[in-house]
Amino acid sequence: MPDSNITKKALAQSLKELMGKQSFAKISVADICEGCGMSRKSFYYHFKDKYDLVNWIFDMEFIRSIQGRERETSWELFQALCHYFYQERDFYRCAIQIQGQNSFREYFQEVLSPVLENVASDLILDNQDRAFCVPFFSDAILASILRWLTAAKPEPPEEYLARLHRLLVRGARQVLADLE
């Protein structure tokens with residue numbers, strides 16, 4: 001449905017512009033609709049609420065862009081995610097701070113969990129350890145991205161990723177050394 005996507009994209013653009021000026025909590029569906037000349041009826045035809053719109057933006061702009069890239073490593077997909085978040089940092093520094101039911105944080109962790117489950121299944125055989133590991137790393141990734149994006153002047157993704165990569169490699173080496 002091309003017309004449907006045009007409408008959704010207009011609503012998304014309106015929300016992005018509004019989030020550049022004010023907090024998500026202060027933005028109403030009426031504000032979003034007014035920003036793009038749509039009716040509330042049009043909004044609710046396409047989305048349950050403004051949280052659903054935020055999640056749709058992530059799906060359309062990032063998730064669909066990586067579809068078909070299954071051959072890439074988890075690290076390469078994480079790099080693509082960080083580059084995308086940095087490019088859209090004005091929007092995501094607000095979106096990632098939204099808390100509560102249906103929030104982007106909750107949705108992001110739902111999307112991240114199967115990826116981490118896949119990685120963990122290759123590394124950790126015990127189901128109980130995997131059940132502990134996935135939410136632990138999901139929380140760690142979210143906290144790290146939140147801290148990075150909400151810094152007064154976030155470093156470019158290449159620097160953030162290099163720093164994170166060094167930390168992970170050094171940590172893994174230390175764990176191996178401790179086990180020997």
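Okay, let's start with a handedness: H7 and H8 cross in a right-handed way. Before I go on, a reminder that what you see is a predicted model.

So what does that crossing look like? H7 covers residues 104-123 and H8 covers residues 127-149. Their axes come within 9 Å, and the crossing angle is roughly 130 degrees.

Who is touching whom? On the H7 side you have Arg 105, Phe 108, Gln 109, Leu 112, Ser 113, Leu 116, Glu 117, Ala 120 and Ser 121. On the H8 side, the partners include Arg 130, Cys 133, Val 134, Phe 137, Asp 139 and Leu 142. Sorted by class, this contact has 11 nonpolar, 4 polar and 4 charged residues.

Now keep H8 in view and bring in H5, residues 74-87. Here the axes come within 11 Å and cross at roughly 35 degrees. This crossing, H5 past H8, is right-handed. H5 contributes Phe 78, Leu 81, Cys 82, Phe 85 and Tyr 86, while H8 contributes Ile 141, Ile 145, Trp 148 and Leu 149. And the class count for H5 with H8? You get 9 nonpolar, no polar and no charged residues.

A quick check on H5 itself. It has 14 residues, and at 1.5 Å a residue it should span 20 Å. Its end C-alpha atoms are 20 Å apart, so that agrees.

Which residues of H5 are buried? Phe 78, Ala 80, Leu 81, Cys 82, Tyr 84, Phe 85 and Tyr 86. Those buried residues pack against H4 (50-66), H6, H7, H8 and H9 (157-179).

Let me zoom in on one of them, Phe 85 in H5. Its relative accessible area is 0%, so Phe 85 is buried. Leaving out residues up to four places away in sequence, Phe 85 touches Phe 58, Tyr 92, Phe 104, Phe 108, Ile 145, Trp 148 and Leu 149.

Next up, Asn 55, which sits in helix H4. Is Asn 55 buried or exposed? It's buried, with a relative accessible area of 9%. Again skipping residues up to four places away in sequence, Asn 55 touches Asn 102, Ser 103, Phe 104 and Tyr 107.

That takes us to Asn 102, in the loop between H6 (89-95) and H7. Most residues other than glycine have a negative phi. In Asn 102, though, phi is near 70 degrees, a positive value in a residue that isn't glycine. Asn 102 has a relative accessible area of 33%, so it counts as partly exposed.

Last stop, over in H1, residues 2-19, where you'll find Gln 13. With 40% relative accessibility, Gln 13 is partly exposed. Gln 13 and Ile 32 are 19 residues apart in sequence, and their C-alpha atoms are 8.9 Å apart in space.

Okay, that's my tour. Over to you.

Key: Residues numbered from 1 in each chain as written. Predicted model: local features only at pLDDT ≥ 70, side-chain atom pairs only at ≥ 80, totals over all residues. Heavy atoms only, no water. Axes fitted to C-alpha atoms, helices over the stretch in contact; angles between N-to-C directions. Helix = DSSP H or I, 4+ residues; strand = E, 2+ residues; numbered from the N terminus. Left-handed = near helix turned anticlockwise from the far one by under 90°. Contact = heavy atoms within 4.5 Å. Nonpolar A, V, L, I, M, F, W, Y, C, P; charged D, E, K, R; others polar. Buried < 20%, exposed > 50% of the residue type's maximum accessible area, 1.4 Å probe, protein only. Expected span 1.5 Å × (residues − 1).
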